[in-house]
Amino acid sequence: MTTRVHHLVAAVCLIVIAGSLVSGQASRPEPVTIHVDTTNRLGPMHPFWAWFGHDEPNYTYTPNGRKLLSSLQELSPVPVFMRVHNLLTSGDGTAALKWGSTNVYSEDAAGRAVYDWTILDRIIDTYRARGIRPFVQLGFMPEALSSAPPGIPYRHFWKPGDPYNDIYTGWTYAPKDYAKWEALCHEVTRHFVSRYGRAEVERWWFELWNEPDIGYWSGSVGPSSRTDPLATEKQKARREEFEKLYDFTVEGVRRALPTARIGGPEVTGGAQGMLRSFLQHTSSGTNHATGRTGTPLDVITFHAKGSPTFVDNRVRMGVANHLRSIDAHFSVVREFPMYAKTPLVIGESDPEGCAACGVTHYPQNGYRNGTMFPTYTALQIARTYELADLHGVNLLGAVTWAFLFEDQRWFDGFRDLATNGIAKPVLNTFRMLGQMSGDRVKAVSSAGLTVEQIRDQGVRGAPDISALAARSARSATVLIWNYHDDDLPAPAAAVTLTLEGLPAGRATVSHMRIDETHSNSYAAWLQMGSPQSPTAAQLATLERASALQPLRPPRQVRIDQRGRVTETFDLPRKSVSFVKVSW
């Protein structure tokens with residue numbers, strides 16, 4: 001991040017803290033009441049958020065990668081799932097932005113398959129050592145199998161600021177021989193079973209490829225531009241070839257492990273048409289590998305993204321676009337009654353598209369370092385629960401496509417969970433969610449918007465000050481956020497939170513917070529002068545600042561005969577509170 005941008009962000013932070021002095025914002029808003037009825041159960045508090053992913057598999061086993069994976073598993077009450085690109089890509093294992101490789105498959109001079117499991121095993125072993133389970137993405141096309149025409153390079157060397165389409169090189173093409181691709185999928189699965197055991201691999205999920213509706217999948221016909229007179233025909237050919245690839249993939253995986261769970265198609269947020277076509281094919285189309293009708297489909301996957309912009313030198317988020325995409329894909333799945341109970345995974349669910357696009361070249365992504373990202377994430381995950389309820393779908397997972405980027409400048413505005421080994425504020429939202437279990441219960445806020453309002457209009461007028469609440473056998477938990485799409489200063493909200501329906505007797509109330517002075521390594525880094533080579537003492541300070549921190553010490557209370565507990569506090573804009581009542 002440039003010095004100018006850092007200073008701008010720091011200035012905005014200071015303005016937020018002193019928001020009551022800002023012209024036109026001096027008057028304090030109406031007090032907010034949030035009422036949680038812990039007896040009104042809405043459904044299980046299924047931790048669909050405990051799924052993460054990234055492009056670069058070779059970051060997995062670096063020291064910082066191992067540290068972050070341990071942090072992810074520690075925060076979750078259930079095994080975390082990891083989805084990562086490039087598990088079958090050819091190369092020497094050197095990591096780069098939007099690139100990675102394992103060199104699993106190559107061929108000898110006679111065209112016979114040669115398998116090397118060294119790097120793939122290193123990745124999966126790193127997961128399993130921490131109890132993390134892979135969401136195995138079978139992709140991308142090994143160089144020896146790629147049908148890319150002469151002159152198309154296999155590997156890209158993209159960097160921030162380059163045209164994004166530069167990443168779509170020879171690894172995006174269809175296989176020269178579908179039977180060899182089927183054999184590759186078979187051997188990969190067979191190796192997993194041999195190394196990790198059948199019972200373990202049966203707990204994993206498998207999928208094919210990534211975003212086949214855009215440049216990630218060239219098929220055999222290659223990419224096309226909007227001005228290409230054959231664009232429509234090429235798009236149809238690519239879609240049919242992807243369905244063919246899926247059929248052969250399932251055949252290979254199931255031949256090695258008949259009980260393997262596999263699915264797709266991991267289309268982008270606007271590709272409801274391709275999702276519909278894919279579901280038509282798997283439900284009633286002719287299987288290219290077997291000649292039978294239909295193809296097994298154990299999990300349905302798609303992506304959903306927001307759309308931040310930079311307006312008047314500030315970030316404006318686009319959470320409406322994110323929720324509309326989820327809503328639209330849910331609607332397509334509901335068109336197929338046979339898939340009514342099939343698990344769904346939002347394979348990438350993020351505020352925008354490119355994790356490797358830092359703020360230096362993409363100023364609209366400046367939200368990623370501070371408290372906007374964790375607040376957006378809290379709202380989006382809570383509203384995704386509501387959309388799943390509205391549609392009655394079986395939401396298994398929602399992948400946050402953010403991990404880390406090695407050998408980058410501190411807080412350079414990438415969409416990641418940690419920078420140089422230090423957790424960023426957004427990770428603390430997941431630490432809060434990790435303490436929520438049992439059933440979701442009803443929470444009503446006087447300053448809350450409906451999920452339909454946010455889906456259709458975003459949060460552009462009044463802020464959304466709302467809550468997600470849960471109750472288990474020995475605790476009740478509430479996640480509360482103060483969110484607006486526009487990154488502008490505003491006075492804090494005076495919140496009165498009331499929980500009722502609790503067992504009478506003694507209890508402990510704890511209150512954690514993400515804001516400008518709590519659980520915020522970025523604010524601490526700015527305060528120490530934005531060092532790019534922190535001292536040992538500064539690193540220790542950043543480590544402490546990166547942890548989830550209390551707003552106030554835990555307090556002992558007595559739940560009255562009406563079963564009520566009340567907590568009052570100020571909640572600044574772009575902040576998240578987490579209140580837990582334990583008995």
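Two strands count as paired if DSSP finds at least two bridges between them. Helices (H or I, at least four residues) and strands (E, at least two) are DSSP runs, numbered from the N terminus. With that in hand, select phenylalanine 135: opposite this residue stands tryptophan 205 in S7.

Before moving on, a word on what you have open. This is a predicted model, where local features need pLDDT of at least 70 and side-chain atom pairs count only at pLDDT 80 or more, while totals for chains, interfaces and linings use all residues. Residues are numbered from 1 along each chain as its sequence is written, and side-chain values use heavy atoms, with hydrogens and water left out.

**Stop 1: strand S6 and its partners**

Stay where you are and color S6, residues 133-138. S6 and strand S7 (residues 205-208) run parallel, joined by four bridges. Now look at S3: three bridges link it to S6, again in parallel. Here phenylalanine 81 stands opposite arginine 133 in S6.

In a regular strand the side chains alternate between the two faces of the sheet. Which residues of S6 lie on each side? Arg133, Phe135 and Gln137 are on one, and Pro134, Val136 and Leu138 are on the other, all of them buried. Buried means under 20% relative accessible area, exposed over 50%, and partly exposed in between (1.4 Å probe, protein chains only).

**Stop 2: the barrel**

Zoom out and select S2-S3-S6-S7-S8-S9-S12-S13: these eight strands form a closed barrel with parallel pairing. Neighbouring strands of this sheet are turned by 25° against each other on average, direction ignored. Touching, or contact, means heavy atoms within 4.5 Å.

**Stop 3: lysine 98**

Next, pick lysine 98, in the loop between strand S3 (81-84) and strand S4 (105-107). Is this lysine buried or exposed? Its relative accessibility is 6%, so lysine 98 counts as buried. Show the neighbours too: leaving out residues up to four places away in sequence, lysine 98 touches several, including Asp55, Glu56, His156 and Trp158. Its side chain also makes a polar contact with the side chain of tyrosine 164, at 2.9 Å. (A polar contact is a pair of N or O atoms within 3.5 Å; within protein, one must be able to donate a hydrogen and the other to accept it, and residues adjacent in sequence count only if both atoms are side-chain atoms.)

**Stop 4: the open sheet**

Now select S21-S20-S23-S18-S17-S16-S1-S19-S22, nine strands in an open sheet with mixed pairing. Strand S21 (549-559) and strand S22 (565-571) are at the edges with a single partner strand each, so one side of each has no neighbour in the sheet. Strand S19 (residues 493-500) runs antiparallel to S22, with seven bridges between them. Alanine 494 is the residue opposite aspartate 570 in S22.

**Last stop: H2 and H10**

Finish with helix H2 (residues 63-75) and helix H10 (residues 425-433). Where do they meet? Leu68, Ser71, Leu72 and Leu75 in H2 touch Leu427, Phe430 and Arg431 in H10.

How values were computed
Axes fitted to C-alpha atoms, helices over the stretch in contact; angles between N-to-C directions.
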